[in-house]
Amino acid sequence: MKKKLMALLLAVSMVASLPTAALASTESTETEMAEKTAEKHVELLKIGTTRAADAFNIMTEEGSYGKMNYNSFCAAPYIQRGQDGVLEPFIMTDWEIADDQTSLVATFATDQGITWHDGEPFTIDDVIFSLEYMINVKQSSYITGMTTVEKIDDKTVKINFDGPKAFGVLNSMAKFTYIYPKHIWEGIEDYKAYTGEDAMIGCGPYKVTDIDQDAQVVTYEKVADTYLGREIMVDKVQVRSYDSHDSLVMALKNGEIDAMYDYSNSLDSSMQPSITGVEGLDAGMSTNTGNFQLVFGFNVAPTNDLEFRKAVSKALDYELLAATIGGADGEIAGTGIVSSAVQGFNPDLPKNAQDVEAAKAILDEAGYADTNGDGLREMPDGSEMDVLVTPQYNSTRSALYARIAEILIQNLADVGVKASLDEESVRNSDYCTEFRKSGQYELYIGYTSPGVATFDSAFMYMTPNPANPWGTCNITEFNEKYDALVSSGSQEEYNAILQELQVMAADNVIGIGLCWDKAYFPYRTDKIGGWINFTGFGAINAETWYSLYTK
Amino acid sequence: MTFVTVTTGREIEGSFCGSFFERIQSVMKRGMIFQHLLTGIFTLICIITINFLLIRFMPGDPVMHIIGEDEYLRLETLNPKVLEEVRAEYGLDKPILSQYITYLKKTVQFDFGNSYRTKTPVLETVLFRMRWTLLLAVPSILLSALIGGSLGATAGYYSGKKLDTVLSPVLMVLSSIPTNCLAILCLLIFAFRLKWFPLGGITSGGLSGIAKGLDIVWHMLLPMTVMVLFRSASDYMLMKSTVEGIRKEEYITVAQGKGISDRKIVFHHVIKNALCPFITSLCMQFGNILAGSMMVEIVFSWKGMGTLIYDSVNTKDFPMLQTCFLFIGICIIVFNFLADVLNIVIDPRLRKEKINE
Amino acid sequence: MNRQVKAGMTILAVILFVAVFAPVLSPHDPYELGIPYQIPSSEHILGTNDVGQDILSELFYGARVSLTIGIVSALVVTVIGTTLGILAGYYGGKVDRIISQLTNVAMALPSLPLTIVLVAFMEANLRNLIIAICITSWTSTVRIVRSRVMQIRELPFVKLETTMGASSVYIMIRHILPNLGEIVFVRAVMEVANAMLTEASLSFLGLGVLGQKSWGSILHYAFYRNGIINGYYWWYLPPIFCISFSVLGFMLLGYYGKKDIKKKHKKNRKEKISYA
């Protein structure tokens, strides 16, 4: 048994040294670029995902097809995100934001021989059509604030906004918004109900060549040898849909697929032991920009009391939380909540730490005493205290949420605070949503997805704001600072404000980061090389098509 | 008081039937079948109504499920008018009674609407998935009936002998393991560790013709084996206990009448009598065919009706659920009817009792 | 009593013993948190789960909730099924038609899918779980009881009592109910087994009880916290074994107990008939 433990520790330490190795390999791929032409193409790349192969519509983000498009795949995005979340040009090759942030001038790759997959040429009219379609028909939340589009010439358009939102909208557009073919979609109002076969026509580097519903496999082939001037290294891609991460991992271990792709849905850390130390398999670990957090309800007692919140922050067993949420690689979160992998992370804030005695002292001081002698504390006014712990609904991770709640309840009981599980929330998404909207929650366990973490941050769930009007935080200063964050005009400004927000969140214990975990998107390394593991997104990304090679 | 009148009424009816039995036997049979048919139709109407109510009274706003939660929340704050438009489009703003009538009309016309999630016609998906469930379930039911039935008949006939003492406990232990657990253990051992079978799914993809057919069979083997194991066990138990019961009685009567020598006739007689409850059970199994393999389908990622229902529950795809439930209901009703008819037509005991009167 | 019934009784006695004395038998408090994912050791004989709780203690306490789910569901199903069955079989006519129709409708509903839908949408607690398990499973009891009551009703002594003017309620309770003992008992025992199997299925689908320790919920966490794919067999095999073991106990009792009672029952019936 000791041997097993040693092996486990060894595996853990090996995994811990991986990120540096991954970084090193990225740098070396840059230098390999030149040699690559000599290298062999990847004839067939087999990707496993959990989204079903049942929707093929460029307008929606449904199904395996829809999610694959986040990788600049079949549909061509305006702009994409690079390894560390930085904006990169794609079909929108260049842009210039006006000083007042109310408009921008953008150039498009209409002169590079790009065609739609049905052979029609891609023109500036498609660009204008797509943007206007998003504004008027889709009313897409990605471009809220965009008002009009003016054609300047056959390559350039001017985009106007109803306020200083150019940078913000660009950020939220990146990788999720695409160019639509005007000749197909013109005149179609109900785009979601349109199921014509041409609904999947895009102008990205790959096109759908076969859909096998029985096998749940979609086959894509590259449209040309190069795209936007870069050589496409992967000739053919097959995306196979699995029902669960379990079957996906088994398939990966048995060599049925080469890599895993599941947008914003990395393998649960509890699966880490079965993907580490496997020959020919890389666990694909990276720092998760997202994180689990505890949000306090400011509308109800006792969570509206700073002293109570401080006591909670001292009462929790962060080591166990880190192990339960993040497994062997889980890291105790900082008091600023925001993950260390996020741009704008504040490194000056300390880590969370458990101190049961301090928690008890704070509660005693603040008047939460056990007046009736039942071993549990009452509210300062003497009424009974029973804090409701509401885990967010999540169809695939309900077990983890329930476990986090279980730990919180036990930890609070250890400092004399009675807490109960809101079991319905674990099971019922409607209830969970309604309850969150009511703003009556006390302790709400939620998750900031990597996408939100990149440009909205975990604080989106705490303050009232257009994206989440049900935030309950009533500290005006903090809320105003958050508004400033969302409308910041550049990455530097954004980073500076986010750092300040973290300090304010720590001082007022607006929420608690429960763990900084890792993301795992494993891939096989025995036959294919050149993987670039994007932080929090995995090895299947916008770069994959150009960087892979056969070993 | 009422009770007494009822009894007398029955007695009259009974004697009436008895005296005219032979002449009106066929008429009565037809009448009974017709009555069962009426019951079936009425049940179907009830099922359709329950389906409607079940879905309508689910918690939460159906519009949220139609357009997706994120979109719903966004529109609720930014543009609530769109939500009302969607509500009107799906007829959700009308009173419940008129919604019900619309639903009935559409059901009669076989218009089940579009899936909330994929927006494709529900009927298409359900029929597509049904095919795969039938492919998995029909052979497994027939195979189990053959294996379980014949083993059960033998074990029951030679009750207490070797086959019975060995097989009965083994099959009983087997049927006490939860289906999903056994399925998972089989998957872990035979597909993941030993790699004898694929990990799940229906086919590997990229194949056609005979190669694809063989590939599907290969994918079917493990889930089908699990199903055959379970179904054979219950078929065995049923057949065994019926044969045991009949044999004890028949054996005595026949032995008294003819002497024990003619074993063949006894066996023949016993089996003939035991077939009736067995066929009823088979009809039940066929009735439940669409939802019966749910757990196995889920474990082996078999894209049939079971997984469809499960996914639809998770994504709250109500039109899909409704249609699945409707088809399952129809299937059960049809086979129940069939079982009733078969019983009326072939049950020797039913006839015997009447004649004895 | 035959061998199989004895075996069944022994199994159930063991489980009942564990359930009753769980606090004494358990080496740890099953809710106490500790170091997660420990492999079996002398301290934790079956290791610890994903939040460091002792799995053996969880199993001991789990017997309580699992048995409760099984037995309460079976009781509910049996009471409903027997009552409806007696009413339908005894009164016949309109009452029979209404109840039979109700049974037909319930039988045409897919039991497991319906249970899944109900559990997914009802408020999550033990009571609702039991309701969802019961909602379609009463039908077979009704059918069997009904046809049996129809036979009993025609027995000479019952007929005699009716003509003598005994009240229906008296006859149903005094004569019909005791004669149903065998069937009702067998159905009830089988229903316990069914309910326990259903709980296992629901837990696998993530729809079991979460707040309480039941074998189903231990399995649920073993499934969903990846105990299976990681090969932590000490986590997922014991609950499977416990469920199967007790289901087997109930099945043995139900299947072989039937014959046992039948023998006794035949004697009883004869006595009664001679009395009548």
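Begin with chains C and A: their contact takes 23 residues from chain C and 27 residues from chain A. On the chain C side, select α5 (111-121) and α11 (215-224), the elements that give two or more residues to the side touching chain A. Of these, α11(C) gives the most, with 3 residues. Colouring this side of chain C by residue class shows 12 nonpolar, 8 polar and 3 charged residues. Please bear in mind throughout that this is a predicted model.

**Chain C as a whole**

Next, select chain C alone. Its secondary structure comprises 12 helices and 0 strands. Along the principal axes, the C-alpha atoms of chain C fill a box of roughly 75 × 40 × 25 Å. Chain C has 276 residues, of which 53% count as buried. Among its contacts between residues at least 6 apart in sequence, 71% join residues at least 24 apart.

**Chain B against chain C**

**The domains of chain A**

Turn to chain A and colour it by domain: domain 1 covers 76-185, domain 2 covers 204-286 + 520-550, and domain 3 covers 291-516. The centres of domain 1 and domain 2 of chain A, taken over C-alpha atoms, are separated by 28 Å. Where these two domains touch, 7 residues come from domain 1 of chain A and 8 residues from domain 2 of chain A. The domain 1 side of this contact has 2 nonpolar, 4 polar and 1 charged residues.

**Helix α10 of chain A**

Select residues 318-326 of chain A, which form helix α10. Is this helix mostly covered or mostly uncovered? Helix α10(A) is mostly covered, with 8 of its 9 residues buried. Among the buried residues are A:Tyr318, A:Leu320, A:Leu321 and A:Ile325. To view their surroundings, display β16 (291-296), α12 (398-414), β20 (511-515) and β21 (518-520) of chain A, against which the buried residues of α10(A) pack. Just after the helix, A:Gly327 takes a positive phi of about 60 degrees.

**The largest nonpolar core**

Which residues have the most contacts inside the largest nonpolar core? They are A:Leu321, A:Ile404, A:Leu408, B:Ala183 and B:Cys324, in a core of 320 residues. Centre the view on A:Leu408: leaving aside residues up to four places away in sequence, A:Leu408 touches A:Leu316, A:Val389, A:Ala419 and A:Leu443.

**Confidence in chain A**

Finally, colour chain A by pLDDT. The mean for chain A is 87, and 93% of its residues reach 70 or more. Residues 1-31 of chain A have pLDDT below 50, and this stretch has 22 contacts in the model beyond near neighbours in sequence. Where pLDDT is low, the predicted coordinates should not be read in detail.

Definitions and conventions. Residues are numbered from 1 along each chain as its sequence is written. Chains are lettered from A and ligands numbered from 1 in the order in which they are written. This is a predicted model: local features need pLDDT of at least 70, side-chain atom pairs count only at pLDDT 80 or more; totals for chains, interfaces and linings use all residues. A residue is buried if 20 or more other C-beta atoms lie within 10 Å of its own, exposed if 12 or fewer, and partly exposed in between; C-beta atoms are placed from the backbone. Helices (H or I, at least four residues) and strands (E, at least two) are DSSP runs, numbered from the N terminus. Ala, Val, Leu, Ile, Met, Phe, Trp, Tyr, Cys and Pro count as nonpolar, Asp, Glu, Lys and Arg as charged, and the others, Gly among them, as polar. Domain bounds come from an automatic or database domain assignment. A nonpolar core is a set of buried Ala, Val, Leu, Ile, Met, Phe, Trp, Tyr and Cys residues joined through C-beta atoms within 7 Å. pLDDT is the predictor's confidence in each residue, from 0 to 100.
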